[in-house]
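Welcome to this guided tour. Please open the model in your viewer and keep the selection tool at hand.

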Amino acid sequence: MNALISTALSGVVLMFVGLFVRNKQHIKFFAIAAIIIAFIANLAQYPSVEHGGYVMYGMIEVTKFGVLFNAVALGATLLYFLLSGSEFEKVGEHVADYFTLVFFILAGISLAATFSNLLMLFLAIEIMSIPQYILAGADKKSLKGNEASLKYFLMGSFSTGILLMGITLIYGAAGTFDIAGLGLGTESVHPLALCGIILIVFALSFKVSAAPFHFWTPDVYDGSPTVFTSFMSTIVKAGAFVAFLRMFHGSFAGGTISEHWTLILSIITAVTLVIGNFSAVFQQSVKRMLAYSSIAQAGFMLFAVVAMNDMGTQGIVLYAAAYSIATIGVFGVLMKLKDYTFEGFNGLARKQPLLAAATAVFLFSLAGIPVTAGFFAKYFVLSAAIQHGHLLWLVILAVLCAAISVYYYFRVIIAMYFRTGEPEVENISGGFKAALILAVALVLVLGLFPNLLLCWL
Amino acid sequence: MLTVLLILIPFIAGLIAFGLKGSGPKVLGMISSLATVVLAIGAWCRFRTAPDSLNLVANWIPQLGSQFRVGLDGMGVMLCLLTAIASLLVFITIYSRDYEKPGAFYGLMLLSQAGLTGVFTAFDALQFYIFWELALIPVYFLCSLWGGEKRIAVTFKFFVYTFLGSLLMMVGIIYLYFQTADHSFSWSSFSSIHLNPDDQKWLFWLFFVAFAIKMPIFPFHTWQPDTYEQSPTPVTMILSGVMVKMGLFGVIRWLLPVIPQGAAMWSDVAIVLCVIGIIYASCIAMVQNDLKRLIAYSSIAHIGLMCAAIFANNEQSLQGVLIQMFNHGINIIGLWIIVEVIQQRLGVKNMDQMGGMARKAPRMAIFLVIISLANIGLPLTNGFIGEFLMFSGLFQYNHWFMAFAGLGIILAAVYTLGMIQKVIFGESNDLTDTTTDLQPGETLALSLVVIMIIVLGVYPKPMLDLVSSTSEVVNKLF
Amino acid sequence: MPVQYYIFLSIALFCIGVMGVLMRRNAIIIFMCIELMLNAVNLLMVSFSKMWADAGRVDAGSAQLFVFFIMVVAAAEVAVGLAIITMVYRNTHSVDINILNRLKN
Amino acid sequence: MYTDTVFLSATTTPFSYFPIVLQLIAALGFVGITMLATHFLGPKRKTSDKLINFESGIEQKGNARQPVAIKYFLTAILFVLFDVEVIFFYPYAVNFKELGWEGFMAVLMFVGFFLCGFIYITKKGALKWED
Amino acid sequence: MDWFFIIEKVLLISGVLVLSLVVAMYSTWGERKIAAWIQDRLGPNRAGPMGLLQPLADGGKLFFKEEIIPSTSNRFLFILGPSIAMLVACMTSAVIPWGDTLTIAGREISLQVADVNIGILFIFGVVSMGVYGIMLGGWASNNKYSLMASVRAASQIISYELPMGLALIALLMMTGSLSLKDIVEQQRHGLWNVVYQPLGFFIFLVCAFAECNRAPFDLPEAENELNGGYHLEYSSMKLGFFLFAEYINMFISSALMATMYFGGYAFPGMDKLGLDGNMLTILGFLALFIKTLVFIFFFMWVRWTVPRFRYDQLMRLGWKVMIPLALVNMLITGAVVLARQH
């Protein structure tokens with residue numbers, strides 16, 4: 001709740017800061033200060049929910065999980081600002097507006113983590129989505145950016161329509177929007193509710209870019225300004241997943257109802273894993289590879305939704321943190337390079353050992369190699385699926401895909417360390433290096449002691 | 001505490017080494033490996049008096065029931081000792097060499113040593129898995145950075161193979177975790193699970209594939225000759241001397257006690273695979289002209305025999321395997337040292353271009369002969385006792401298997417002697433005429449190897465005593 | 001009138017919208033089809049609200065409030081969408097989404 | 001803040017709109033008949049010069065269907081946004097006596113955000129028509 | 001189905017439509033006369049006494065003029081534009097209560113076509129459609145002036161819809177009903193709304209001027225800039241529709257203002273006269289009609305008195321003055337009503 005209010009207000013404040021402050025560096029500092037305040041405000045709420053959450057006006061349910069997830073999202077955004085905040089001004093003139101939009105997205109994410117009503121689900125999804133359409137097209141001159149923006153907008157609002165239809169049908173069956181009170185799982189399933197659930201699955205799959213609804217993802221992520229791709233493909237995606245998770249755990253779990261959608265969702269998961277990983281292998285540009293990798297990672301995060309147990313809930317928090325930090329880090333380094341192809345990384349280790357080492361750690365984390373946060377993230381979601389009992393085939397498939405993922409992540413490592421070349425790198429500031437080291441430290445600490453994060457849950 | 005030190009010393013030394021320049025890393029590596037050897041011997045002594053003092057449990061991730069749980073049993077002590085000795089031998093051998101970026105090279109070597117020791121001391125499944133992976137990463141970088149021409153593709157294949165295997169193992173570990181009564185990853189909880197046979201049937205493969213890739217066993221072996229060939233020889237020493245033992249170790253520590261019925265159900269299949277591997281590898285080794293590949297294939301054959309013996313399911317064979325793990329490690333490292341020497345002198349790996357080296361380098365020739373003989377298990381060398389025990393165990397299990405595996409040893413004699421023939425005898429040529437004999441460091445390393453070969457060949461009892469406890473325990477559970 | 005009529009009507013409208021989105025190539029028309037989908041949802045939402053109100057639920061008005069929110073969000077989408085389409089038009093002089101696909105290579 | 005208020009009293013039934021339908025039919029009829037009548041009544045002497053567009057008597061230049069100034073788009077978009085915000089006041093205005101001061105404060109906050117947006121667009125120059 | 005009900009409604013609808021048309025026709029005459037009076041001229045005086053037949057002659061002329069559809073225009077939309085404009089103008093009168101009920105042969109006949117509970121919203125919705133007529137007409141002509149004018153008109157109309165809506169919300173807060181009938185009945189038993197809502201009325205008035213494209217907001221038709229505006233290419237009755245629609249809109253706006261702020265068919269002391277229902281209803285209708293005519297006169301008076309705004313002035317007035325003013329009005333109304341409640 002605090003996170004929601006503070007991020008929304010920060011957004012408004014930043015909007016006005018942009019009107020009166022001309023210095024872009026100062027705007028960035030404002031944004032960083034705002035995110036720190038939001039982070040602290042969010043944590044300040046923790047004691048009140050430590051022994052059980054509470055519902056506000058039947059709309060928002062503040063829980064430990066919500067607060068923790070918000071902390072992860074805000075923390076990751078802080079890191080994102082530290083690493084890539086100065087890239088904002090390269091996109092266009094309206095730096096403060098970009099920050100504002102990021103804050104609005106964060107407000108959407110905090111809503112997604114705490115909603116207890118279908119209305120709030122809808123609003124959360126939309127508050128997250130609409131600013132993204134703008135961010136995707138922030139570079140008005142770039143045709144690719146235009147394309148990304150238009151495509152994202154059309155696909156996004158299409159899926160919104162589907163989501164709404166799903167919500168309406170469920171309302172028709174249940175008569176309430178309260179996710180705890182839908183009561184669909186108890187008796188035989190109303191056909192309207194069934195259609196509604198399927199539509200919601202489709203719509204949310206769109207939002208989290210799960211196959212076969214992923215087709216917009218590569219183009220959008222590739223076409224958008226890199227600095228925003230970094231944000232969209234990480235924190236926002238995690239936010240959408242949390243919405244997904246809350247929705248399905250909150251109201252569709254248990255009883256006969258879960259049988260109906262578990263199968264669909266597990267097939268979606270499988271397809272997502274396969275398509276994401278196999279397509280990523282064939283990419284020539286690191287940015288596009290990361291776009292496909294985000295699809296692949298979405299496949300892993302879907303496990304948490306399918307499995308419906310505590311392990312999955314813990315897993316999604318950890319996964320969100322691990323995946324976001326690592327990907328933001330990789331993007332942060334990527335933006336310092338001129339050439340986004342794999343060849344652009346050739347010989348980076350010799351020229352910028354720190355950057356190369358940090359990237360390697362991030363990629364290890366993405367691949368799920370132990371002692372990085374990514375390992376425990378994968379560990380948790382796979383455990384969740386194994387605990388579920390009927391998803392072993394999916395787990396085996398996931399493991400095979402994880403092995404494939406090594407291929408494309410390691411291409412970057414190979415380029416950096418084992419090939420020779422003269423990468424064109426921008427000047428690296430001390431602040432950037434410090435932020436990078438912080439990110440690496442986070443990845444490693446979470447990789448060794450995931451309970452530092454999970455003990456809050 | 002001693003056990004933790006065994007991991008920590010190379011780990012910290014490795015990290016420090018990254019920052020050092022010039023001959024700093026060399027010295028540091030030497031000091032660290034000496035210290036670990038001393039510690040490992042200390043652990044051995046401690047194991048005879050107070051084995052429990054080697055175990056340590058500390059909280060790690062309470063939510064998961066995973067603990068930092070290290071300990072040493074007989075096998076563990078032996079393998080830690082092997083690891084320590086191997087790295088000492090490697091460092092002695094390459095002391096006079098200068099590698100590009102020595103800090104990184106020595107750092108990675110030491111880190112891999114730490115990872116290996118971690119694997120051998122882990123008594124918590126999750127921790128075991130993590131060390132299992134960690135041992136791999138430094139080796140991957142070592143091979144890719146300092147290896148031969150085709151190093152990138154080859155080591156990548158190696159990495160993906162083993163990574164896939166270990167992921168499958170992770171699935172198995174998680175599954176077993178949910179079967180434990182107290183939701184714990186500890187070895188004792190794992191080994192006291194009562195799994196129904198159906199589960200054991202498929203769980204076996206999840207683990208076995210991971211271990212089989214690492215060893216490697218017949219259909220999973222394709223990464224191995226390429227990798228051995230392309231890696232820098234010091235890395236190959238670690239790979240073949242210690243790293244492949246991870247697979248065997250895994251089977252003995254984590255497969256047999258945890259999934260006994262599964263292992264029993266599939267033991268025939270496993271042994272058949274091993275025997276095919278033995279004969280296949282031996283045959284290829286016979287026609288092999290490349291020295292490194294020849295030794296690589298011979299290693300496949302030996303490991304196949306060891307693996308077959310594990311599944312032979314009796315105490316004798318198991319004891320044989322355990323002792324052979326150590327001895328094979330020593331022998332193969334000895335062989336690789338010589339290969340390294342030859343390669344460094346001649347710059348070629350092709351045996352056709354060698355010949356007549358006995359005249360120019362008599363000391364090396366002598367060492368090569370002794371070590372080769374030990375490798376084929378001649379009596380009074382260390383290889384004999386292990387192979388003898390394994391064969392007799394295998395014989396008890398099934399005559400035919402034993403017969404086919406025995407064929408392997410005959411073939412081994414053929415190609416090993418062929419190799420000796422080609423390398424050190426025969427006509428010398430322009431290339432070999434310029435060669436020089438061993439340098440002091442190399443002599444020291446090889447002398448240590450030969451001393452161990454002979455001591456253990458003549459008096460293997462301490463080693464047998466050391467591992468007997470393990471073989472008894474495992475065999476009871478099996 | 002029975003609620004089924006409304007259900008069928010709005011589902012028909014919704015399907016027309018979906019078909020339009022999937023088959024048309026003009027960005028503006030696709031956009032209009034999306035709006036049609038949203039309006040179909042609004043209609044259905046209100047009819048369900050009436051249905052549940054007749055069934056005696058006191059909180060059936062919440063569905064009507066939902067409609068307000070849908071309209072607001074739709075308006076926000078319109079604002080952003082039109083801006084994007086204008087931007088694209090100014091850069092490419094076309095709103096055909098196939099042209100955009102050609103730009104990719 | 002869900003209340004159990006059903007927006008608008010339920011005295012109006014669909015039947016109340018029936019006269020409006022009648023009026024629509026009447027208006028349609030009037031428009032249609034007049035259109036047809038004028039079509040048939042007027043003379044038809046078409047020449048090509050008569051049918052070209054009027055451009056103050058000079059030669060026609062270019063196409064009229066050109067993009068107009070972006071300001072107009074901006075106005076349209078802003079209208080959509082603000083109009084929808086205005087829509088929110090309607091249900092409030094109908095029920096505001098029951099909602100009392102608490103509701104008034106909520107609306108005050110809403111108006112505050114409304115004004116924030118308003119000031120923002122003003123400051124950004126979106127409403128500036130003088131060049 | 002009650003046939004009498006249908007007959008009664010059909011009659012009423014015909015009456016209302018004819019009334020609107022006649023008022024619109026004679027508004028043109030009135031406008032010219034008033035203009036002449038203000039400018040010290042005579043105005044139309046040839047056709048009939050005082051030129052009273054002039055509107056009929058104009059109407060006849062429009063019918064018999066040649067219908068020209070420019071070759072480059074979009075034929076369908078070109079015809080659709082004026083049709084929509086006229087249709088919309090005819091529809092708004094449906095919810096205005098022209099009087100109380102008449103009792104004929106025991107039947108209560110309401111002088112309101114339809115008393116729906118969303119009356120104001122209905123008018124709002126229908127009026128918003130009017131902009132389509134202008135926009136389509138201007139765009140379909142394929143003429144630069146027309147397009148410019150229609151874009152201007154659209155911008156202007158939508159800009160002034162916002163303060164208009166906000167002004168109505170303030171009214172709504174006081175009355176608590178969107179039904180025009182309810183609003184009139186409340187004024188009948190109390191004071192006219194203009195007393196409570198002077199600011200609101202002012203805002204509504206200004207917006208009504210802008211919505212009707214009347215001077216000083218007649219930029220879409222600014223002859224000296226745009227050659228006649230959005231109906232530049234139109235001729236015959238299609239042009240007539242645009243012109244008529246404008247006058248009908250003016251009439252309806254006047255009636256609406258009279259209804260919402262000046263008591264509609266109610267006049268002070270009407271309940272004390274002691275007349276019977278039917279008589280009172282007729283008097284009420286007359287009262288409304290007179291109020292409406294006064295507003296129409298006001299419209300014309302302003303047109304010939306105040307000069308036209310510049311476009312930037314127009315937009316600035318709409319956005320930067322009217323909207324904040326309307327918001328403030330709304331908040332003050334809310335606060336006062338709530339304070340009086342307790």
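Predicted model: local features only at pLDDT ≥ 70, side-chain atom pairs only at ≥ 80, totals over all residues.

Residues are numbered from 1 along each chain as its sequence is written, and chains are lettered from A and ligands numbered from 1 in the order in which they are written. Helices (H or I, at least four residues) and strands (E, at least two) are DSSP runs, numbered from the N terminus.

**Stop 1: chain D**

Stay with helix H3 of chain D and select residues 70-124. A straight helix of 55 residues would span 81 Å at 1.5 Å a residue, but the end C-alpha atoms of H3(D) span only 15 Å. The expected span is 1.5 Å times one less than the number of residues in the helix.

You will find 3 helices and 0 strands, in the pattern α-α-α along the sequence. Of the 131 residues in chain D, 17% are buried. A residue is buried if 20 or more other C-beta atoms lie within 10 Å of its own, exposed if 12 or fewer, and partly exposed in between, with C-beta atoms placed from the backbone.

Next, colour residues 20-41, 72-93 and 99-121 of chain D, which an unreviewed UniProt entry gives as "transmembrane region". UniProt positions are given in the numbering used here, feature names are shortened, and annotations may be inferred rather than shown by experiment. Residues 20-41 are 100% helix and 0% strand, with end C-alpha atoms 31 Å apart. For residues 99-121, the end C-alpha atoms also lie 31 Å apart, and the span is 100% helix and 0% strand.

**Stop 2: where chains meet**

Two residues are in contact if their C-beta atoms, placed from the backbone, lie within 7 Å. Select both sides: 60 residues come from chain E and 56 residues from chain D. On the side of chain E, the helices that each supply at least two residues include H1 (3-38), H5 (144-175) and H12 (311-341). H5(E) gives the largest share, 13 residues. By class, the side of chain E that touches chain D has 34 nonpolar residues (Ala, Val, Leu, Ile, Met, Phe, Trp, Tyr, Cys and Pro), 11 charged (Asp, Glu, Lys and Arg) and 15 polar (the others, Gly among them).

Chain B has no contact with chain C, and their closest C-alpha atoms lie 30 Å apart. Chain B has no contact with chain D either; there the closest C-alpha atoms lie 39 Å apart.

**Stop 3**

In chain B, select strand E1 (residues 56-61) and strand E2 (residues 66-70), which run antiparallel and are joined by 5 bridges. Two strands pair if DSSP finds at least two bridges between them. B:Asn59 has B:Gln67 as its bridge partner in E2(B). The hairpin has 4 residues between its strands, and B:Gly65 in the turn has a positive phi of about 70°.

Move to chain E, where 4 bridges join the antiparallel strands E1 (residues 101-104) and E2 (residues 107-110). E:Thr103 stands opposite E:Glu108. Here 2 residues lie between the strands, and E:Ala105 takes a positive phi near 55°.

**Stop 3: backbone details**

Most residues other than glycine have a negative phi, and most peptide bonds are trans. With that in mind, pick A:Tyr57, which has a positive phi of about 55° and sits in the loop between strand E1 (54-56) and strand E2 (60-62) of chain A. A:Tyr57 counts as exposed because it has 10 C-beta neighbours inside 10 Å.

Then find B:His183, in the loop between helix H6 (151-179) and helix H7 (187-191) of chain B. Its phi is positive, near 45°.

Finish with a cis peptide bond: A:Ala211 and A:Pro212 are joined by one, with omega about 0°.
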